[in-house]
Amino acid sequence: MSDVRDVIIIGSGPAGYTAGLYTSRAMLNPLLFAGFSSGGQLMLTSDVENFPGYPDGIGGPEMMMELRSQAARFGCKIVDKNVDSVDLSERPFKVNVGSEIYFAKSLIITTGAEAIWLNAENEEIHKGRGISTCATCDGAFFRDKEVIVIGGGDSAMEEANFLTRFCSKVTIVHRREGLRSSQIMEDRAKENPKIQWKLNYQVKSWLGSDGNFEGATLVNTKTNEEENFSCDGAFIAIGHKPITSFLDGQVETDEHGYLLWKENSMTSVSGVFAGGDVVDTRYRQAITAAGMGCMAAIDAERWLEDNVH
Ligand code: NAP
């Protein structure tokens with residue numbers, strides 16, 4: 001059997017890189033699979049203004065490069081490849097990456113979650129430049145602007161309410177008459193004078209050229225009539241999905257597919273730890289993900305000490 005690592009980290013947002021930093025400083029010689037598009041959701045964010053330590057803000061991609069080089073500085077080996085699958089049925093655990101198999105005594109899963117995009121026409125060219133999936137990250141860039149929020153669940157209500165702090169007008173576009181959100185969130189949105197409604201509408205396509213977002217073509221889901229709706233930005237809030245398919249059901253999840261912590265940051269499989277958005281249905285912030293990456297690293301180190309070394 002080839003080299004057995006103490007720790008393999010899967011995923012490269014703030015949680016993964018922080019786990020890499022802590023485990024490499026703990027001399028665990030970690031190997032981190034960052035994925036083909038390393039860096040996670042922050043690679044889609046322009047400026048991060050709410051991560052402590054950056055009083056002037058920092059670009060999302062730039063912050064990820066800094067976290068990455070900080071982890072690498074202490075010896076974390078980072079490979080920009082996707083993990084295809086893992087085998088947790090035997091020890092050491094097997095991590096399959098293309099045709100290669102890697103072995104590890106413990107795993108830290110920090111693969112995050114991805115916002116579900118609408119995939120309407122022209123969406124790709126406006127992603128991160130007019131269309132966002134995170135009001136907390138990008139809302140402040142739309143001060144005194146008019147935006148739309150797509151979705152009818154709690155996320156959409158929460159995003160819309162939050163955006164009214166900055167925006168002059170927020171229009172919720174939802175494909176049905178009835179909302180999916182909880183009553184209290186719905187009431188709060190309905191009582192907010194800055195929030196307008198476009199119920200029974202779906203986005204068909206986005207308007208504007210690259211770098212110049214102009215709005216959306218909406219289609220009435222009852223009459224099929226189309227109309228162009230001008231706005232300065234759009235926030236898609238139709239849900240997130242945790243990235244766990246490579247685990248193939250070997251780790252217990254909640255009903256939405258998020259990994260569950262069983263003992264501190266350890267999952268249902270002893271020796272498999274998790275942190276960041278892949279477990280987090282509530283906070284979903286870079287700083288909380290980094291904190292959970294740190295927790296998973298410390299828990300993995302202690303588990304290795306007690307169970308393996
Ligand atoms: P959600 O409850 O699944 O709602 C998603 C919404 O997006 C639904 O209204 C759905 O429409 C709409 N949608 C889905 N696919 C769409 C598409 N392709 N085109 C247009 N609309 C689409 O997701 P969520 O709001 O992210 O909430 C997920 C979970 O987190 C829920 O349990 C929620 O309670 C919880 N959460 C709680 C809070 C809070 O308490 N503060 C905040 C956020 C989230 P339909 O209704 O027509 O299906």
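Student: What makes strand S12 (residues 169–174) largely enclosed by the rest of the structure?

Tutor: Count its buried residues. Buried means under 20% relative accessible area. In S12, 5 of the 6 residues are buried, so the strand is largely enclosed by the rest of the structure. Keep in mind that this is a predicted model.

Student: How do you know that S11 and S12 pair?

Tutor: Pairing needs at least two bridges between the strands. S11 and S12 are joined by 5 bridges and run parallel. Isoleucine 150, for instance, stands opposite valine 173 in S12.

Student: Where does S12 sit in its sheet, and what is the strand order?

Tutor: The order is S10-S17-S11-S12-S13, in an open sheet of 5 strands with parallel pairing. S12 stands between S11 and S13 in that order.

Student: Why are S10 and S13 called edge strands?

Tutor: Strand S10 (131–132) and strand S13 (195–199) each pair on one side only. S10 has 2 parallel bridges to strand S17 (residues 233–236). The cut-off is at least two bridges, so S10 and S17 count as paired. Serine 132 has phenylalanine 235 as its bridge partner in S17.

Student: What packs on this sheet?

Tutor: Helix H5 (residues 154–163) does, touching S11, S12, S13 and S17. The direction of H5 makes about 165 degrees with that of S11.

Student: Why is phenylalanine 93 called buried?

Tutor: Its relative accessible area is 0%. The limit for buried is under 20%, so phenylalanine 93 qualifies. The residue is found in strand S7. Its contacts include Tyr102, Lys105, Leu107, Val269 and Val272. The C-alpha atoms of phenylalanine 93 and lysine 105 are separated by 6.2 Å, although these residues are 12 apart along the chain.

Student: Why is methionine 27 called exposed?

Tutor: Exposed means over 50%. Methionine 27 has 69% relative accessibility, so it counts as exposed. Methionine 27 is found in the loop between H1 and strand S2 (31–33).

Student: Which value makes aspartate 144 exposed?

Tutor: A relative accessible area of 62%. That is over 50%, so aspartate 144 is exposed. Aspartate 144 also has a positive phi, about 60 degrees, and is not a glycine. This residue is found in the loop between helix H4 (135–138) and strand S11 (146–150).

Student: How do you know that the peptide bond from arginine 91 to proline 92 is cis?

Tutor: Look at omega, which is near -5 degrees. Most peptide bonds are trans. Proline 92 is found in the loop between strand S6 (85–87) and strand S7 (93–97).

Student: What makes up the largest nonpolar core?

Tutor: It has 28 residues; Tyr17, Leu32, Met63, Ile108 and Phe273 have the most contacts inside it. Strand S1 (4–10), helix H1 (14–25), helix H2 (60–73) and helix H7 (286–307) each supply at least two residues. H7 gives the most, with 7 residues. Apart from this core lies another, of 24 residues, including Val79 and Ile109.

Student: Which residues does isoleucine 108 touch?

Tutor: Among them are Val7, Ile9, Ala19, Phe273, Ala297 and Ala300.

Student: How is the protein chain divided, and what joins the parts?

Tutor: Domain 1 is 4–114 + 240–307, and domain 2 is 117–236. Their C-alpha centres lie 31 Å apart. Across the boundary, 9 residues of domain 1 are in contact with 9 residues of domain 2. The two domains bury about 650 Å² between them, 49% of it on carbon and sulfur atoms.

Methods. Residues are numbered from 1 along each chain as its sequence is written. This is a predicted model: local features need pLDDT of at least 70, side-chain atom pairs count only at pLDDT 80 or more; totals for chains, interfaces and linings use all residues. Side-chain values use heavy atoms; hydrogens and water are left out. A nonpolar core is a set of buried Ala, Val, Leu, Ile, Met, Phe, Trp, Tyr and Cys residues joined through side-chain atoms within 4.5 Å. Buried means under 20% relative accessible area, exposed over 50%, partly exposed in between (1.4 Å probe, protein chains only). Helices (H or I, at least four residues) and strands (E, at least two) are DSSP runs, numbered from the N terminus. Contact means heavy atoms within 4.5 Å. Domain bounds come from an automatic or database domain assignment. Buried area is the accessible area (1.4 Å probe) that two parts lose on being put together, summed over both. Axes are lines fitted to C-alpha atoms, for helices over the stretch in contact, and angles run from 0 to 180 degrees between N-to-C directions. Lists of a residue's contacts leave out its neighbours within four places in sequence.
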